[in-house]
Amino acid sequence: MGATALQKDRDGLCFFGQISAAISHDLKNVLAIINEDAGLLQDFSLMAAQGMELDPQRLIKLAEKVQGQVKRGDGIIKNMNRFAHSVDLPVCDVDFRELTELVISLLTRMASRKCVTVTFKEGEQVHGKGDPFTIQMLMAKGLEYAMDSAGRDGELGIEVSSADSVNAVTISGLGETLPDEQLAELESIAVKAGSESAYVPQDNILIFKF
Amino acid sequence: MAEKVLLVDDEKEFVEGLAERMELRGMNVTACTNPQEALDKVDAEGFDAIVLDLQMPGIDGIEALKHIKKARPEMQVILLSGHATVEKGIEAMKLGAMDFVEKPADINVLTDKIKKAQAKKMILVEEKTEEKVKDILSHKGW
């Protein structure tokens with residue numbers, strides 16, 4: 001295996017690791033909340049055993065909180081599963097809206113940490129062929145750099161569109177100019193994803209064409 | 001004496017649950033989900049222990065730790081994280097964190113660490129007071 005192929009594998013692995021780490025962090029938070037709620041139930045049971053009256057409404061609320069966290073955890077694991085299966089086939093039918101939505105969900109924690117709001121604009125389904133994993137990597141890297149460019153309290157919009165047999169994912173709302181090394185990295189991933197990346201600083205947008 | 005604790009984490013439900021359990025154990029807890037608000041509280045009030053999440057929106061736990069130790073060196077910080085990497089742990093300890101707890105936290109372990117934090121803070125405050133008294137005595141020449 002040549003050095004370029006090895007680097008490509010490593011880039012993909014790094015991205016997989018970054019997303020897996022974010023997912024594990026979210027799951028840890030879900031478990032931590034369930035742990036505290038279970039602990040409260042235990043505390044209330046001990047207090048009840050000592051003769052203190054239990055408020056049924058309080059117990060119902062705790063049960064609802066646990067159910068809410070189980071639902072949240074289930075959503076995180078479903079996204080994780082979809083992401084994990086994106087490496088199954090090197091080229092397949094791609095639903096660009098669905099894939100973009102998944103990338104936005106996977107980067108929710110990053111957006112929160114960077115204090116950036118990401119809005120996915122309504123639109124029609126856009127289908128094409130491609131390597132879903134590398135396309136996700138391109139969109140995620142683009143979104144990460146767009147968040148840095150937008151800065152704290154920035155608002156990014158993402159739109160998926162199709163015209164004249166060209167599918168496009170457009171990120172708008174960027175702020176500071178993207179550095180050359182970031183643009184070069186995006187270009188390099190875009191080539192692997194069979195895409196073209198275009199940065200229009202005067203309009204503060206980043207476009208990926210497929 | 002009840003331990004005065006500042007609990008900082010952006011997960012509202014986690015903070016609410018843990019704060020209630022700590023209060024049931026006799027602690028006086030101030031819960032905060034906004035890191036900047038928490039730093040303002042540190043500047044304004046005294047706490048025996050600060051339980052601080054490592055990853056929060058807008059401010060890194062390590063940055064918050066640096067701020068706290070600079071503003072109030074006697075305050076004891078226990079970092080809380082879902083990702084307790086060895087590197088982060090070492091960095092936090094070097095910067096003056098008292099301890100590191102991984103989520104989900106065991107309430108008994110956390111309570112024990114908070115009690116130790118209170119004791120440590122009291123020693124530091126006593127040492128500081130002693131130094132002040134010595135300084136006053138030496139300058140006044142009594």
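Predicted model: local features only at pLDDT ≥ 70, side-chain atom pairs only at ≥ 80, totals over all residues.
Reply: Strands are DSSP runs of E with at least two residues, numbered from the N terminus.

Me: What makes the backbone of A:D164 worth a remark, and why is A:D164 called exposed?

Reply: The phi of A:D164 is positive, about 50°, although A:D164 is not a glycine. As for the second label, exposed requires a relative accessible area over 50%, and A:D164 has 76%, so A:D164 is exposed.

Me: Where does A:C115 lie, and what is its phi?

Reply: A:C115 is found in the loop between α4 (108-113) and β2 (117-120) of chain A. The phi of A:C115 is near 60°, which is again a positive value in a residue other than glycine.

Me: Is the peptide bond from B:K103 to B:P104 cis or trans, and where is B:P104?

Reply: That bond, from B:K103 to B:P104, is cis, its omega being near -10°. B:P104 itself belongs to the loop between β5 (99-102) and α5 (107-140) of chain B.

Me: How do you know that the buried residues of α3(B) line one face of the helix?

Reply: Buried means under 20% relative accessible area, and in helix α3 (residues 61-71) of chain B this label goes to B:G61, B:I62, B:A64, B:L65, B:I68 and B:K69. Viewed down the axis of α3(B), these buried residues fall within an arc of 155°, so they line one face of the helix. The elements that cover them include α2 (35-44), β3 (49-53), β4 (76-81) and α4 (86-94) of chain B.

Me: What makes β3(B) mostly covered?

Reply: Five of the five residues of β3(B) are buried. B:A49, B:V51 and B:D53 point one way from the strand, while B:I50 and B:L52 point the other way, and all are buried.

Me: How do you know that β3(B) is paired with β1 and β4 of chain B?

Reply: Pairing requires at least two bridges between two strands. Strand β1 (residues 4-8) of chain B is joined to β3(B) by four bridges, and the two run parallel; here B:V5 stands opposite B:A49. Between β3(B) and β4(B), which also run parallel, there are five bridges, and B:V51 has B:I78 in β4(B) as its bridge partner. The chain passes from β3(B) through α3(B) to β4(B) in a β-α-β crossover that is right-handed.

How values were computed:
Residues numbered from 1 in each chain as written. Chains lettered and ligands numbered in written order. Heavy atoms only, no water. Buried < 20%, exposed > 50% of the residue type's maximum accessible area, 1.4 Å probe, protein only. Arc of directions from axis to C-beta. Contact = heavy atoms within 4.5 Å. Right-handed = clockwise from strand over helix to strand, strands pointing away.
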